[in-house]
Amino acid sequence: MDALAKLASGRTDDVVTLILSAIDRSKVPVFLAPSMNEVMWSQPSTQRNVKQLVDDGFRMIGPGTGWQACRAVGAGRMSEPEELLEALREAVNTR
């Protein structure tokens with residue numbers, strides 16, 4: 001949730017957001033695979049940030065729905081490895 005918010009607002013105060021912000025997304029696809037609990041995922045601020053990031057050219061994979069570390073079941077769970085790989089395969093094959 002924090003990384004999405006930083007990227008959406010242009011804050012680059014850590015190495016991950018700095019590197020991701022330095023990539024020309026018109027030439028190189030940048031995928032984000034969020035992972036958080038269902039309450040965090042459903043926050044209006046998170047949904048605004050995701051919309052902004054997609055508008056800015058980031059590509060989202062997931063999140064999925066299922067069992068979470070907080071012992072809840074719902075949306076926000078990181079996509080399964082197979083889904084992540086398939087999204088990357090599709091991106092490579094369309095280039």
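Here is a quick briefing on the confidence, core and surface of this protein.

This is a predicted model, so to speak of local features takes a pLDDT of at least 70 and side-chain atom pairs count only at pLDDT 80 or more, while totals for chains, interfaces and linings use all residues. Residues are numbered from 1 along each chain as its sequence is written, and side-chain values use heavy atoms, with hydrogens and water left out.

**Confidence**
- The average pLDDT (the predictor's confidence in each residue, from 0 to 100) is 93, and 99% of the residues score at least 70.
- Helices (H or I, at least four residues) and strands (E, at least two) are DSSP runs, numbered from the N terminus.

**Inside**
- The largest nonpolar core has 11 residues, among them L4, A8, L20, V30, W41 and F58.
- Such a core is a set of buried Ala, Val, Leu, Ile, Met, Phe, Trp, Tyr and Cys residues joined through side-chain atoms within 4.5 Å.
- Helix α1 (2–9) gives the most to this core, three residues.
- Leaving aside neighbours within four places in sequence, N49 is in contact (heavy atoms within 4.5 Å) with L4, A5 and A8.

**Surface**
- V15 is in helix α2 (residues 15–21) and is exposed, with a relative accessible area of 57%.

Key. Buried means under 20% relative accessible area, exposed over 50%, partly exposed in between (1.4 Å probe, protein chains only).
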